[in-house]
Amino acid sequence: MGSFNRKRVNDEDEILPIGRRKLRPEPKPERKGYVGRFPAQADGRPALGFATLSHNNLKTWTQVARAQGHNTRKIEAPNARKDAPEPIELLASATGSYVDRVKGVLQDHKVATKVRRNAGAIASEDVYSASPEYWNRAGDWKSKPTSEILADPVVQAALALARKKHGKRLISVTLHLDEESPHVHVVAVPLVQREHAVRGRLPKHCARDEAGKPIDVRPKVLKWSLDPSSIRGRSKQLEANHDEWAAACEKLGLVRGLKGSEMSEGERRARRNRQTGRASMAEKSARERRESLGAEAEADRERARRLVEEATEKEAAAETAKAEAELLKLSQEGRERELLDLIGVAETERVAAAAERKKAAERTQRLSQQIEVLAMVLDPSAPMEAVVQKGQLLVRGSTPEELALLHSLPPALNGSVDRFFRLAASISDQVAELNSGRAQLERDRAQLKADQELYEKASDAIMNNLDRAREFLAAWTGLPEQARTPDVNAAMQAGYALVQQRGAKAAVGR
């Protein structure tokens with residue numbers, strides 16, 4: 001392929017149209033060794049198709065980003081089928097954006113990421129494929145499963161060649177299955193390692209040649225630099241790239257097309273016309289697609305306008321309903337405010353009445369407590385006792401709170417209570433004396449009763465002893481004389497006499 005002025009139209013034909021002119025009929029040269037329109041293979045068998053290759057240089061970061069959008073179909077392609085599979089990334093290590101990957105490769109090779117305008121290209125893109133005859137050799141390739149296309153030798157050869165040529169400088173390898181033929185996009189960074197002179201001035205005293213020019217004897221430095229022209233910047237280099245791809249596909253039954261240097265002027269003109277026609281057809285298809293999209297966009301805008309009008313009408317109706325609701329709410333709020341004022345007045349009166357009721361309840365409770373204390377004072381069984389000492393009323397056994405309740409009686413009751421307590425105190429003293437005498441009498445009676453019980457117990461004991469002594473005497477008397485001891489007999493007689501004497505006294509005491 002020659003170095004023509006190029007512009008991306010699609011992935012298989014990127015040649016810029018050369019004016020609008022009537023296409024000349026293609027010449028049909030007769031060439032030796034051809035079988036149909038393909039050259040014969042090395043063994044003489046007919047070829048399965050051409051090994052195709054196209055190129056593109058990405059000169060700015062924007063073009064790099066657009067290339068990723070095109071390859072991943074984030075940017076719509078006019079000639080791409082909607083029902084086709086998504087693009088497949090064949091490079092497992094490809095993560096992140098193209099821009100970040102390219103900058104990472106440049107940094108790994110110690111190349112500045114701020115690229116000069118005259119650098120030629122930041123990245124290069126190659127599209128590897130084969131002519132449609134190869135893909136359709138066993139029927140329409142679009143009906144085949146994706147796994148079969150992915151395992152096709154042409155796809156694997158493109159991946160292997162990309163890894164061999166670019167190595168770590170490889171950015172992406174993407175398989176497209178949504179156009180006329182399957183093809184592989186290879187994006188790489190065109191870095192070249194070569195010797196560079198050490199930067200800086202030469203020493204003043206250095207060797208010179210015969211012309212008097214200084215000789216730089218400093219050692220060269222190996223550095224990486226962007227240089228796409230050394231890879232494919234000229235016709236011979238482009239032909240070498242095509243030869244390399246054709247050699248990789250030779251064992252697959254694919255052959256290389258004619259080189260530009262081997263074609264006649266008529267053949268080159270026919271190829272340009274054919275490419276121009278393809279580009280014109282692609283432009284026409286893209287233009288029709290744009291017009292169709294424009295009509296669809298206009299219809300969408302019309303629908304959106306109608307929806308906006310309907311939404312505006314609904315919004316106006318909603319605003320009207322909202323305003324009416326606000327007016328109704330305001331009127332209700334006015335009535336509610338009047339009710340609230342009335343409720344406030346009633347609440348104030350209720351609070352005042354509650355306060356009065358609380359005070360009355362407190363007074364009632366205090367009077368009840370005072371009456372309870374009076375009842376406790378008047379209750380004889382209560383621990384409190386009212387006494388009058390030195391003209392003052394004292395309540396024994398009362399707490400300070402209870403005494404305060406007694407002293408805080410109403411004035412109408414205070415004098416009567418005082419006189420009552422004084423009379424009660426005198427009566428209480430007399431009752432105390434009577435109770436004291438009664439208590440002494442009860443104590444004497446209890447002592448007498450205790451003595452009587454003691455005497456009865458002693459008498460019962462003596463009588464019991466006398467009965468036992470009688471029984472013993474009877475038993476003793478029944479013994480023979482020789483079995484008795486005189487001393488024991490005398491003691492028994494004396495004891496019996498004593499018991500009888502005590503028993504007689506006890507009987508007299510009863």
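Student: How many bridges join β3 to β10, and are the strands parallel or antiparallel?
Tutor: Two bridges join them, and the strands run parallel. This is a predicted model, by the way.

Student: Which residue stands opposite Leu254 of β10?
Tutor: Gly49 does.

Student: And how many bridges join β3 to β5?
Tutor: Eight, and that pair runs antiparallel. Leu58 faces Ala123 of β5 there.

Student: Is β3 mostly covered or mostly open?
Tutor: Mostly covered. Seven of the 10 residues in β3 are buried.

Student: Zoom out. What is the strand order in the sheet?
Tutor: β4-β6-β7-β5-β3-β10. Those six strands form an open sheet with mixed pairing.

Student: Which strands stand at the edges?
Tutor: β4 (88-89) and β10 (254-255). Each has a single partner strand, so one side of each is left without a neighbour in the sheet.

Student: What about β6 and β7, how do they run?
Tutor: Antiparallel, with six bridges between β6 (residues 170-176) and β7 (residues 183-188). Ser172 stands opposite Val187 of β7.

Student: Where does helix α1 pack?
Tutor: On the sheet. Helix α1 (residues 61-71) touches β3 (49-58), β5 (123-130), β6 and β7. Its direction makes about 140 degrees with that of β3.

Student: And α7, which strands does that helix touch?
Tutor: Helix α7 (residues 235-249) also packs on the sheet, where it touches β3, β5 and β10. The angle between the directions of α7 and β3 is about 140 degrees.

Student: New topic, aromatics. How many aromatic pairs are there?
Tutor: The count comes to two. One is Tyr128 with Trp245. Their ring centres are 4.8 Å apart and the planes are at 65 degrees. Planes over 60 degrees apart count as edge-to-face, so this pair is edge-to-face.

Student: What does that pair tie together?
Tutor: Tyr128 lies in strand β5 and Trp245 in helix α7, so the pair ties together parts that are 117 residues apart in sequence.

Student: Are Tyr128 and Trp245 buried or exposed?
Tutor: Both are buried.

Student: Which residues form the other pair?
Tutor: Tyr134 and Trp135. The pair is edge-to-face, at 5.2 Å centre to centre with 80 degrees between the planes. Tyr134 and Trp135 are buried too.

Student: Switching to α5. What span should its 14 residues have?
Tutor: At 1.5 Å a residue, helix α5 (residues 153-166) should span 20 Å. The end C-alpha atoms are 20 Å apart, which agrees. The expected span uses one less than the number of residues.

Student: What caps the N-terminal end of α5?
Tutor: Asp152. One of its side-chain oxygens lies 3.0 Å from the backbone nitrogen of Val154.

Student: And what happens just after α5?
Tutor: Gly167 takes a positive phi of about 60 degrees.

Student: Which residues of α5 are buried?
Tutor: Val154, Val155, Ala157, Ala158, Leu159, Leu161, Ala162 and His166.

Student: Last one, the whole protein. How many helices and strands are there?
Tutor: There are 11 helices and 12 strands. The protein has 510 residues, and 28% of them count as buried.

Student: What share of contacts join residues at least 24 apart in sequence?
Tutor: It is 70%, among contacts between residues at least 6 apart in sequence.

Key: Residues are numbered from 1 along each chain as its sequence is written. Side-chain values use heavy atoms; hydrogens and water are left out. Two strands pair if DSSP finds at least two bridges between them. Helices (H or I, at least four residues) and strands (E, at least two) are DSSP runs, numbered from the N terminus. Contact means heavy atoms within 4.5 Å. Axes are lines fitted to C-alpha atoms, for helices over the stretch in contact, and angles run from 0 to 180 degrees between N-to-C directions. Buried means under 20% relative accessible area, exposed over 50%, partly exposed in between (1.4 Å probe, protein chains only). A polar contact is a pair of N or O atoms within 3.5 Å; within protein, one must be able to donate a hydrogen and the other to accept it, and residues adjacent in sequence count only if both atoms are side-chain atoms. Rings of Phe, Tyr and Trp (its six-membered ring) pair if their centres lie within 6.5 Å; planes under 30 degrees apart count as stacked, over 60 as edge-to-face and the rest as tilted.
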